[in-house]
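These are my notebook entries on a structure that I had not examined before. I record what I looked up, entry by entry.

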Protein chains: 2
Amino acid sequence: MKFELLYKSKKSRARVGKIHTPHGVINTPGFVAVGTNGTLKSIDNDVVEKIGLELMFCNTYHLLLQPGPQVIKKAGGIHQFSGRKTPIITDSGGFQVFSLAYGGVADELKSRGQKKSDGHVLKITEEGVLFRSYRDGRRVLLTPESSIEAQKNIGADIIIPLDELPPYHIDQDELRKSFDRTHRWEVRSLQEHLKNPQEQAIYAVIHGGLDLALRKESCQILSDHPFDGFAIGGSMGKTKEQMITMLTETLPSLPEEKPNHLLGIADLPSLNECIPLGIDTFDSSYPTRMARHGTLLTDQGPLKITRGVYSHDYAPIETDCCCPTCQNYSRAYINHLFKAKEMTALTLASVHNLAYMIKTLKQIREKILDGEI
Amino acid sequence: MKFELLYKSKKSRARVGKIHTPHGVINTPGFVAVGTNGTLKSIDNDVVEKIGLELMFCNTYHLLLQPGPQVIKKAGGIHQFSGRKTPIITDSGGFQVFSLAYGGVADELKSRGQKKSDGHVLKITEEGVLFRSYRDGRRVLLTPESSIEAQKNIGADIIIPLDELPPYHIDQDELRKSFDRTHRWEVRSLQEHLKNPQEQAIYAVIHGGLDLALRKESCQILSDHPFDGFAIGGSMGKTKEQMITMLTETLPSLPEEKPNHLLGIADLPSLNECIPLGIDTFDSSYPTRMARHGTLLTDQGPLKITRGVYSHDYAPIETDCCCPTCQNYSRAYINHLFKAKEMTALTLASVHNLAYMIKTLKQIREKILDGEI
């Protein structure tokens, strides 16, 4: 992997670059779609490729349990297996193990720390995390080494070391313990990776929650190791303001010549705020999940396609959109498919929202180059 | 519409032809896919077109209740509305009204005539049939004239007159009454159609159940009117043998120069038996429904893709298949998508089964031309 920094804004820390991978180029800033199980929900990879998605995010936790990394390895890797020709990134599996235990961040915030593990995470030790498979109840031990081994078998272009996602409600001592262990796990992951790089790149995950000193320390520790890039993980806070403060303070501590990624956040307001801070790539399932709930992204704001007013609106979702949905179908037809509970509705809506994100990021890159951001 | 009879088999009553419609040609014998709500389930019309489907069957009953024929009319007709450029046929709505009342044929056979209407059909009179909408409970009167009006607004290439589907368990007197009324309804439908043909063709529906004399009488009555083609409807019996006997006796009573259609039956064994009897087109939702249940059609018979043995089978569904699914994906990947409950599984499987039917019918046409059928 090679990161080519093409342009740095004079107005902000925004930058335009290209990440070169064995399966092609990722233009940055770029949107990364989530294809948990090796497919985006309701769109096949062939169509996704035609829309121009550059990077897809798959989840090692899910692939570990179904179909299992050996099945993917025997296919010749995730690209061969999934029919996807362009770049793929996998995470370590850790995020899902911990978020299933603590619930989503929103759930945990709502529960004010009262939510206890439901027996999903059985034990966290120096070695790794023992958890119960959601599919068949079997006990699985995930260690830095086993996560990397799984990610080697899966064979994505970019992989991520095992880290621990501490709960938001955690005291300072526990956070420090988790923080230190996470960094030891990450370094063990890197060492395991370097035994057989396999042309994969590995991004470290920056931790430290909302503690700005810890964030800086995390950047320092991880920058000292030959990671190929950096992902911002861990708790981002309760509000967008907290996240922005954290990113504003953290990003300058990362080496400029390496790409960075914001884990799990890519709503449009966050994109607009985080790109000037210097974030290169963003993943989120939100555009496709919104689509499945009938919310379509447009330059005029979100459009709830199931509203009655669209039942006889024969315009495309967006007049100037080049996506296959807007080229072929009207709002009225998509409204009808949702009302008739046709799966095609979910496909057409997802295609548009994905294309919208790709188009929006392209426009943002142009704006940076034009000196507007 | 023009039916061009290209070739008549010397071995059987099989024939090869072309039905020319305002939206293109339908090669016969041909498979007609069911797109109840104006889309095939889990495949969008743009993809369906690329696979080469020539005729799609939409259900007036469903379109009447959602989105309503006026919405489709205002779009410029079903082709404009659904983004489908190639031919479409609609039924009258009668079949669904009656089959929802009596249950599917299989249900009714199992119930031995004990199943009573569940209040869905409120009243059958000379005027038409009053039923309760399954969507919102409102009472809807479907008459020959209102069905044709709906089908004019929908604007398919081929439409079907309103008929009554008598239950299989019916005494001779009741069957006769239903038979006579059906023919009066069909003639009223034709008269309504002829007031404004709109470049649409209209197929009569041949009735008479398993009574061969009634079937012949139906052919005679309806052939005396300027219908553009004939659909075989009504009860086809309990067994395939009963259907074959009925078709063998009935088809020679239809005018050779007009196309005919077998309603609702297109499983492969039936195709192989009915084509030599002279059937031109067949509709059925079975290939796409089978696909959604993980059963894939192949020349070696049905393949249950969710079986464990396919989890590490990296061959395509069929090695020599040119469909987008077989060109891009393996059995192992499709097995995985089914196991992971990804909607994409349903799309990829449906695309293959649909392409399989299209390919099979093409091969059958070639066999007829080669003198093998």
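I began with helix α8 (residues 172-194) of chain A, which has 23 residues and reaches 33 Å from its first C-alpha to its last, close to the 33 Å expected at 1.5 Å a residue. The expected span is 1.5 Å times one less than the number of residues. Helices (H or I, at least four residues) and strands (E, at least two) are DSSP runs, numbered from the N terminus.

I noted that this is a predicted model, in which local features need pLDDT of at least 70 and side-chain atom pairs count only at pLDDT 80 or more, while totals for chains, interfaces and linings use all residues. Residues are numbered from 1 along each chain as its sequence is written, and chains are lettered from A and ligands numbered from 1 in the order in which they are written.

I then looked up the buried residues of α8(A), among them Leu175(A), Phe179(A), Trp185(A) and His193(A). A residue is buried if 20 or more other C-beta atoms lie within 10 Å of its own, exposed if 12 or fewer, and partly exposed in between, with C-beta atoms placed from the backbone. The cover over the buried residues of α8(A) includes α7 (144-154), β10 (158-159), β11 (201-206) and α9 (212-223) of chain A.

Next I turned to the domains. The assignment, automatic or from a database, gives chain A domain 1 (2-92 + 144-284) and domain 2 (296-373). I found 22 residues of domain 1 of chain A in contact with 17 residues of domain 2 of chain A; contact requires C-beta atoms, placed from the backbone, within 7 Å. On the side of domain 1 that touches domain 2, β4 (30-34) and α1 (45-51) of chain A give two or more residues. The largest share, 3 residues, comes from β4(A).

Between the chains, 35 residues of chain B are in contact with 35 residues of chain A.

Last, I checked the backbone. Most residues other than glycine have a negative phi, and most peptide bonds are trans. The bond from Thr28(A) to Pro29(A) is cis, with omega near -5°, and Pro29(A) is found in the loop between β3 (24-28) and β4 of chain A. Glu199(A) has a positive phi, near 65°, and is found in the loop between α8 and β11 of chain A. Is Glu199(A) buried or exposed? Glu199(A) is exposed, because 10 other C-beta atoms lie within 10 Å. Ser42(B) also has a positive phi, near 70°, but counts as buried, with 24 C-beta neighbours inside 10 Å.

Definitions and conventions
Contact = placed C-beta atoms within 7 Å.
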